[in-house]
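Subject: Handing over the structure

Hello,

Here is the structure I promised to pass on to you. Please open it beside this message and follow along as you read.

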Amino acid sequence: MPREMIRKDAAPRVTPRLTDYDQARSGFTWSRARGALAGLPAGGLNMAYEAVDRHAGPERADKPALKCVSRDDTVSTVTYGELARRTSRFANVLRSLGVGHGDRVFTLLGRCPELYTAVLGTLKNTSVLCPLFSAFGPDPVEQRLRLGDAKVLVTTAALYHRKVAERRTSLPGLEHVVIVGPGAGDLPGTVSFDELMSAAPDTFTIPPTSPEDMALVHFTSGTTGTPKGAIHVHEAVVAHYATAAYALDLHPEDVYWCTADPGWVTGMSYGIIAPLVHGVTVVVDEGDYEARRWYRVLGEQKVTVWYTAPTALRMLMRVTPREGPYDLPRSYDLSALRFIASVGEPLNPEAVVWGQDVLGLPVHDNWWQTETGCIMIANFAACDIRPGSMGRPLPGVEAAVLQQGEDGRALVIDGKVREVESPDADGELALRPGWPSMFRGYLHDKERYEAAFADGWYLTGDLVRRDADGWYWFVGRADDVIKSAGHLIGPFEVESALMEHAAVAEAGVIGRPDPVAGNVVKAFVSLRPGIEPSAGLERELLAFARRRLGPAVAPREIAFDENLPKTRSGKVMRRLLRARELGLPVGDLSTLEGSA
Ligand code: ATP
Ligand code: MG
């Protein structure tokens, strides 16, 4: 897909402090990045110390760490000094409950100030934090509490009542349930967060923490199947810090907002840890995931950097089409915003062009995984943007494109892999292990962990191509790629082409088995508001895609579907579209949006 590059000098509102990619990469080492952090006074490295305590000295104690916007729009501020005291109290609470080093503390909470307290207090206590999506139903909650050996659960009365209470007897290891907010005293077998907090002292000395101590367990979003608990250690904070400097261009004066759910790796690493390590002010929005509200919060809070997902951008595009009217964004003062960063699934080029045309803002794609623990490849501040490309590897990241075998995965012969020879050839994206937030294992699943490596590379399971200048282009997950009449077709390319049509809001593309071609491409399309499905529109879209993609790649069939199935982190669940289409078992649906 040939595209004009968006040069940063053509986007005058962006003032990246680093203007050159090679300059950013040259001379970078992870140990130098480590040197920018404080470390514990007695030695060792603790995420929460870097995120909170080291800012709580006299110069920054009064600076707002959190600006919490409640559902009814009241705004409350928590300073770094106050956050240090609250998190110390929570660490003392855990200690008083007999919860210590390595014990698992789960959160089942929406975005709220108590979540920040619980997460960072747990890390201070050197216990292990395991976040869950608050929208999970009882089965996925129980499954993860068991898989993660939960000792403590921090949640609300309503969530506990609906999702955990009945299962409690089958979870004997779950010793404490701490209830945030109203109704705490009323539920048997639970304790009140507020009561425990007010009884606890507000100073706490962080015990010795080795950089290799387990800090976080993230269950992957489950797009491909059953959840895996990816283990991350305290040293990951070095990667959170460095990548947030490059990819999110964070500086202490920033007002930063990340819309990712705290139950997902982005909501933790870049919703809580990384921005606080940079000493910025973090917006915590307790409101709904909703386009109109986002414009308002961005304007009212004077957000400077916004980290969100393609699904959110597509929601903005629905309410503010490129053709106008632009009243909605124009009714707020968005002048503080420097750029938008996006992560989680492919960012269609249309969304990048839309950002430039409608908001006058660059949209930076970011690629990474739960397993990598930090952003790996991005159209970051020092990069010009190629719309549709996920960008280039961050400093400290060594990536390669490996030749594939029949199954789409990297071909391993006698333990050896080979890189693709020419630019623009598809292959599996591989990363050279050694960055600090690299996952250290899947909980209770050594085999699966070991299977993720070959010949000194970590194999990501994603297919990409790299162009002659070194930009990476996402093709698809190895297991989503469609083989049709001898071609390998990435669903993303087809979805992006369909999205360029003015009637299309979103698309999900799968392969449907076909006796002649092996598979034919079928697209599920949701339409912009006010546009009705029709046979005529179907023909028009088929022809439109054929003109753009050519007959070998264009969809053969289009179905209109107003509610494409998505994971809670906003990814189209192609696996489910395919299973429904073929009448196959749908598999694990715990991360399906709206399934609770
Ligand atoms: P599971 O591994 O359980 O199936 P998952 O892969 O969806 O779940 P995550 O770790 O949350 O879980 O997602 C990482 C994946 O999301 C990547 O491997 C990639 O397929 C996709 N992804 C993330 N960011 C991007 C991006 N910028 N462009 C394209 N794909 C992306
Ligand atoms: Mg994955």
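Which residue of β25 is the bridge partner of V509? It is A523. Please keep in mind as you look that this is a predicted model.

**The three-stranded sheet**

That pair belongs to the antiparallel pairing of β24 with strand β25 (residues 518-527), which runs over 10 bridges. Helix α18 (residues 574-582) packs on the sheet there, where it touches β24 and β25, and its direction makes about 50° with that of β24. The sheet as a whole is open, has three strands in the order β24-β25-β26, and shows mixed pairing. At its edges stand β24 (504-514) and β26 (557-560); each has a single partner strand, so one side of each is left without a neighbour in the sheet. On average, neighbouring strands here are turned by 25° against each other, direction ignored. Helix α17 (residues 535-549) also lies across β24, β25 and β26, and it runs at about 135° to β26.

**The two domains**

Stepping back, the domain assignment divides the protein chain into domain 1 (1-394) and domain 2 (483-582). Domain 1 brings 25 residues to the contact and domain 2 brings 22 residues. The C-alpha centres of the two domains lie 32 Å apart. About 2100 Å² of area is buried between domain 1 and domain 2, and carbon and sulfur atoms give 54% of this.

**The nine-stranded sheet**

Another open sheet has nine strands, also with mixed pairing, in the order β2-β1-β11-β10-β12-β13-β14-β15-β16. Its edge strands are β2 (75-79) and β16 (392-393), each of which pairs on one side only. Within the sheet, strand β10 (residues 255-258) and strand β12 (residues 305-308) run parallel and are joined by three bridges. Helix α12 lies across β12, β13 and β14, and its direction is at about 125° to β13.

How many of the 11 residues of helix α14 (residues 349-359) are buried? Nine are, so the helix is largely enclosed by the rest of the structure. The buried residues include P349, W354 and L359. What do the buried residues of α14 pack against? Their partners are α11 (291-300), α12 (310-319), α13 (327-330), β13 (339-343), β14 (363-367) and α16 (491-499). Just after the helix comes G360, with a positive phi of about 65°.

Among the buried residues of α4 are Y80, L83, F90 and L94. Just after α4, G98 takes a positive phi of about 80°.

**Two covered strands and a buried histidine**

Strand β6 (residues 176-180) is mostly covered, with five of its five residues buried. H176, V178 and V180 point one way from the strand, V177 and I179 point the other way, and all are buried. In a regular strand, side chains alternate between the two faces of the sheet. Strand β5 (residues 150-156) runs parallel to β6 and is joined to it by five bridges; T155 has I179 as its bridge partner in β6.

β9 is mostly covered as well, and five of its five residues are buried. On one side these are G229, I231 and V233, and on the other A230 and H232. Strand β8 (residues 214-219) is joined to β9 by five bridges, and the two run antiparallel. Across this pairing, V217 stands opposite I231.

From β9, please go on to H234, in the loop between β9 (229-233) and α9 (236-246). Is H234 buried or exposed? Its relative accessibility is 0%, so H234 counts as buried. Apart from neighbours within four places in sequence, H234 is in contact with L45, N46, M47, L123, T209, S210, P211, D213, M214 and A215. Of these contacts, M214 and A215 bring you back to strand β8 (residues 214-219).

Enjoy looking around, and do write back with any questions.

Best wishes

Notes: Residues numbered from 1 in each chain as written. Chains lettered and ligands numbered in written order. Predicted model: local features only at pLDDT ≥ 70, side-chain atom pairs only at ≥ 80, totals over all residues. Heavy atoms only, no water. Helix = DSSP H or I, 4+ residues; strand = E, 2+ residues; numbered from the N terminus. Buried < 20%, exposed > 50% of the residue type's maximum accessible area, 1.4 Å probe, protein only. Contact = heavy atoms within 4.5 Å. Pairing = 2+ DSSP bridges. Axes fitted to C-alpha atoms, helices over the stretch in contact; angles between N-to-C directions. Domains from an automatic or database assignment. Buried area = accessible area lost by both parts, 1.4 Å probe.
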